[in-house]
There are 4 protein chains.
Amino acid sequence: MNLDEHTTTWKQLNDHLSEWVRASKVHTEDGHVASYIPELANAPADILGICIMDAEGNTVAAGDTDYHFTLQSISKVFTLILALMDNGEEMVFSKVGMEPTGDDFNSMLKLELVEPGIPFNPLINAGAIAISSLIAGNTPDEQTQRILQFFRELADNPALDINQDVFKSESDTAHRNRSLAYFLKHNGVLDREVDDVLQVYFNHCSIQVNCTDLARMALVLAHNGVDPIRNQRLIPRRFVQIAKTFMFTCGMYNASGEFAMNVGLPAKSGVSGSILTMVPGRYGIGLVSPALNRKGNSTAGVHLLGKLSQEFDWSLF
Amino acid sequence: MNLDEHTTTWKQLNDHLSEWVRASKVHTEDGHVASYIPELANAPADILGICIMDAEGNTVAAGDTDYHFTLQSISKVFTLILALMDNGEEMVFSKVGMEPTGDDFNSMLKLELVEPGIPFNPLINAGAIAISSLIAGNTPDEQTQRILQFFRELADNPALDINQDVFKSESDTAHRNRSLAYFLKHNGVLDREVDDVLQVYFNHCSIQVNCTDLARMALVLAHNGVDPIRNQRLIPRRFVQIAKTFMFTCGMYNASGEFAMNVGLPAKSGVSGSILTMVPGRYGIGLVSPALNRKGNSTAGVHLLGKLSQEFDWSLF
Amino acid sequence: MNLDEHTTTWKQLNDHLSEWVRASKVHTEDGHVASYIPELANAPADILGICIMDAEGNTVAAGDTDYHFTLQSISKVFTLILALMDNGEEMVFSKVGMEPTGDDFNSMLKLELVEPGIPFNPLINAGAIAISSLIAGNTPDEQTQRILQFFRELADNPALDINQDVFKSESDTAHRNRSLAYFLKHNGVLDREVDDVLQVYFNHCSIQVNCTDLARMALVLAHNGVDPIRNQRLIPRRFVQIAKTFMFTCGMYNASGEFAMNVGLPAKSGVSGSILTMVPGRYGIGLVSPALNRKGNSTAGVHLLGKLSQEFDWSLF
Amino acid sequence: MNLDEHTTTWKQLNDHLSEWVRASKVHTEDGHVASYIPELANAPADILGICIMDAEGNTVAAGDTDYHFTLQSISKVFTLILALMDNGEEMVFSKVGMEPTGDDFNSMLKLELVEPGIPFNPLINAGAIAISSLIAGNTPDEQTQRILQFFRELADNPALDINQDVFKSESDTAHRNRSLAYFLKHNGVLDREVDDVLQVYFNHCSIQVNCTDLARMALVLAHNGVDPIRNQRLIPRRFVQIAKTFMFTCGMYNASGEFAMNVGLPAKSGVSGSILTMVPGRYGIGLVSPALNRKGNSTAGVHLLGKLSQEFDWSLF
């Protein structure tokens, strides 16, 4: 995409984004707000907000952009990067595999079938729990602060913080995650105590953001680890490469393949209805719409990104 | 078996049991003491003790009969019975299945593949944990006391108690059991808190006995729930029937089928190297020999029971 | 059971069997005739017939006793015995396991999870196919004739033969069995060609009998391999012991545990709605009622056997 | 990549490719030639050949470029495309899923765990067999001719043909593939007869090519379906997009994630030791080196592509 393409795209976005958001919004009716933790169940089912940010920090936004939500699984992308920065590739991939697979909420099979008993990849729940244990810090608090600090820097937003109600709600009801974590402990994947690891995990899932924060964080990935606005490298390029590869192959739960075929961009979704994606080399994108499809992704969000990808021929393939 | 048969059998046992124990004892060399919890790993690898008790309380014993050990999985038979007495069949079998399968230490598959997410049967770990949650009592302490009381009555031994070192060792290292318990909680199988349920579970696994206690407890099952010595019904016959059926089909972990074919008696083994079995209508049998085969059963113990079954034609089929 | 008991039982059966059959027959309405092969789907849904035979060949029968049907999975018990007679225990159990598990029509998991890739036991489909390959004979025809000869001898009925329509129907539609057989071939379990093995397998499943034949065959098992009528040993006792053990632990598909708890007799069911069972040392029993429950067993048949077992206290435990 | 970049790259390739091939060739010692069919086992273990083709048909080649081999799994990419051209997206994805997963030679689990019983994706064996059934044609011969015609056009090589020895060898020994195919038939995925479908499948796996043919076929994918040399559209762009997405997420068996992270190009490997890959918008690449790693990919080939990707910064992310 050259500069002319950018100018044309940007104009189109300014002219049409609101209209496309309206068109996608009807698809919220096909989805359901996540109910597995009480705090998420309270989310409004019928909203949709999106923010697109270019390399100079200009944004086009539409819909319910004031809405705040928690990162949930989107945080896994950035804790993976931080774990890589703290430990290097070799160490990290001795604890989690590299192979794509969707996460299946109803099965622990995936965890077991990887030799030698490590999670398939860092984006499924079991993998992300293993990654949480690798963040530097002597205590869960130190680890959490380190994550928060890193996320604030990426979002260029020092006010980013943990939503304590969501944290508490997650922590109180996460029997399946506890089960996974104890199984990882049994398999020798976790060096720290299970409760400590889960405290870190639930904390980073509960970091609260809005669409602009997501777009800002995505922008750094779109530019291979350099924040193009402050012209500052925040992440080694190699680790962004790794993160984007996983986002492309397994960022959208069990619909990752479908999303790759139909939208064709690296992306990560969360059960808050949020999606972080990007146009590599160009834009950071954040959106939220809490009504989810059967696979755990925002119905309206997936629809809107399909529209944008098609309109601007953004698919990587 | 009529009275004459008993007289003959009893004489043979008195004459030959010590010699048969010596012959089986060499098989301890083929096994290994359980190492998954520190307290069990300290058990002597080369001992073998057995006690056989008739309906009047006479015993023939041989080998290391003074050795004390914890019940481990043998306790599952009696907590199942107590849960049935406390809740009835319908309630119990809404929480665990009835279908035979061996327990596999390396897999959680078995738990998941039963619809609707309940453990296959009450003798595999997941099933026994579910059963622990069903024992009457307002607190884990009350439940544990109830179990202890019941076991003391069955063994006719008011001194029966929990080995606190083993309890602590189990509780500290049982990541896989915690994983199973949280998965059960996630599936809605457990009404109580996971930590509380596991406290009860580890407590009943850690009740300390000797071979005579095992033989005494087995005698009650052999006589369909009536203690033939005190001539007192301790368990409704139907619940003994249920317990013996499970012992026959899945009491010996993943070697239950092999044991049923070669020994042919209802039995339950524990990782302490103990086996409780019986000659229905006749004898209670308890033995211990801590060296285990690959399937988790006492090598010398299985050999000795094979010898006895063959010698006296004890197989049910 | 002594002679007086027999006299009482026999009188009761003569007086009440027809009435109990009528009471159980209403349960045919809860089941469905097997539809997976066209020939079976034609079976009448509302019939129930039973025949009980004592050691002198006297019978009590009630219901639709003239109805003819194919053995289906019941044949697996006797091909197992014949394979043991032809090859010995060691050879047979190098090709199939000994561990109980129900057969699950919708899963091939069971086949795979046994090390080293052999079927769990000889009564699940994969195991029975492996067993078919072990029957002596140079060709599928020779093997089939050998099986037929053995079954005729057991049933004391030289007219026993293969229902060619059922054989053809099975053979034409058995994609799942072919899939299993090729997987066994891939795993090195089958020495013969897949098509040849399946020809033998479908042939023995298609042998046509009536309730009297079943009762007669069961009588030989009830008497540990000796035909008590002709006073002739037809099967070594050890192989009957093995067969009865498998019947008790996994003869009723995924409801084997439930049947063992509630009826408590060694039994084998077939999708034709037939059940072969016995009172060890006493009676052979054959019944048929084609309407099946969800687990593949005759609804009315299971009900009737529960009634009889309770009435006469026939449960082994 | 602009024209200057192309000139520089091309010069570098001309200067260094032979040297890089020599450096990678030592890695053939770490692998083993596929032995599962006799004809493949005869392949030379120590060769490595590569051909890179630009949009004008110029090539840089090095190593054992005269070696001929069969496409094996590489053919799956092009039969998928042909099935899409013959049936459209909706039909094809009613028979196979879209979700990434590696193929696991030792497990049939993957096939079963997708609802409703269809293969995970078109590149695993089960998926590719389903795809073979969808190629237009009344008979296996017509279907095979249609595939051959399509492949000849893509390779611009009318001499392309089936290696009959390999076809026969595959067909004679493919018990696992037959097992998969019958399971697909059982699940209702295949409308045609199993033998017919497998005949087509083994035929397209046995099409013989050299590195230049692979590079030529890859070039068409690199240019989104247009043959840039003859300036002719051979495949609708959408179907190339689909094919490249699957190649990126699951083209390298169980090492697809690792390859995506380390090489970052859409690729497909075959057990003949061949790899087809491309630099999108630019080059087609074909290579062969029969010694395979544990995951079924050419050891030297993966090493060489890693070197090239790093040298020229070809990774998509």
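A charge sits over a ring if NZ of Lys or CZ of Arg is within 6 Å of the ring centre and within 35 degrees of the ring normal. In this predicted model, the charged end of C:Lys268 meets that description over the ring of C:Tyr253, at 4.5 Å from its centre. In chain D, D:Lys268 lies over the face of D:Tyr253, with 4.5 Å to the ring centre.

**Aromatic rings**

A pair of aromatic rings is described by the distance of the centres and the angle of the planes. Over all chains, 48 aromatic pairs are counted. One of them joins A:Phe248 and A:Phe317: the ring centres are 5.7 Å apart and the planes stand at 70°, so the pair is edge-to-face. A:Phe248 is buried at a relative accessible area of 2%, and A:Phe317 is buried at 4%.

Chain A also holds an aromatic cluster made up of A:Trp10, A:Trp20, A:Tyr283, A:Phe312 and A:Trp314.

**Cysteines**

The structure has 0 disulfides over all chains. A disulfide requires two cysteine sulfur atoms within 2.5 Å.

| Cysteine | Closest cysteine sulfur | Distance between sulfurs |
|---|---|---|
| A:Cys211 | A:Cys51 | 6.9 Å |
| B:Cys211 | B:Cys51 | 6.9 Å |

For A:Cys211, the 6.9 Å to the sulfur of A:Cys51 is too far for a bond. The sulfur of B:Cys211 is likewise too far from that of B:Cys51 for a bond. A:Cys211 is buried, its relative accessible area being 0%. B:Cys211 also counts as buried, at 1% relative accessibility.

**Helix packing in chain B**

Helix α1 (residues 3-25) of chain B packs with helix α13 (residues 299-312) of chain B at an angle of about 145°, and the two axes are 10 Å apart. The crossing of α1(B) past α13(B) is right-handed.

Which residues of α1(B) meet α13(B)? On the α1(B) side they are B:Thr9, B:Gln12, B:Leu13, B:Leu17, B:Trp20, B:Val21, B:Ser24 and B:Lys25. They meet B:Ala300, B:His303, B:Leu304, B:Lys307, B:Leu308, B:Glu311 and B:Phe312 in α13(B).

Terms used
Residues are numbered from 1 along each chain as its sequence is written. Chains are lettered from A and ligands numbered from 1 in the order in which they are written. This is a predicted model: local features need pLDDT of at least 70, side-chain atom pairs count only at pLDDT 80 or more; totals for chains, interfaces and linings use all residues. Side-chain values use heavy atoms; hydrogens and water are left out. Buried means under 20% relative accessible area, exposed over 50%, partly exposed in between (1.4 Å probe, protein chains only). Rings of Phe, Tyr and Trp (its six-membered ring) pair if their centres lie within 6.5 Å; planes under 30 degrees apart count as stacked, over 60 as edge-to-face and the rest as tilted. Axes are lines fitted to C-alpha atoms, for helices over the stretch in contact, and angles run from 0 to 180 degrees between N-to-C directions. Helices (H or I, at least four residues) and strands (E, at least two) are DSSP runs, numbered from the N terminus. A crossing is left-handed if the near helix is turned anticlockwise from the far one by less than a right angle, and right-handed if clockwise. Contact means heavy atoms within 4.5 Å.
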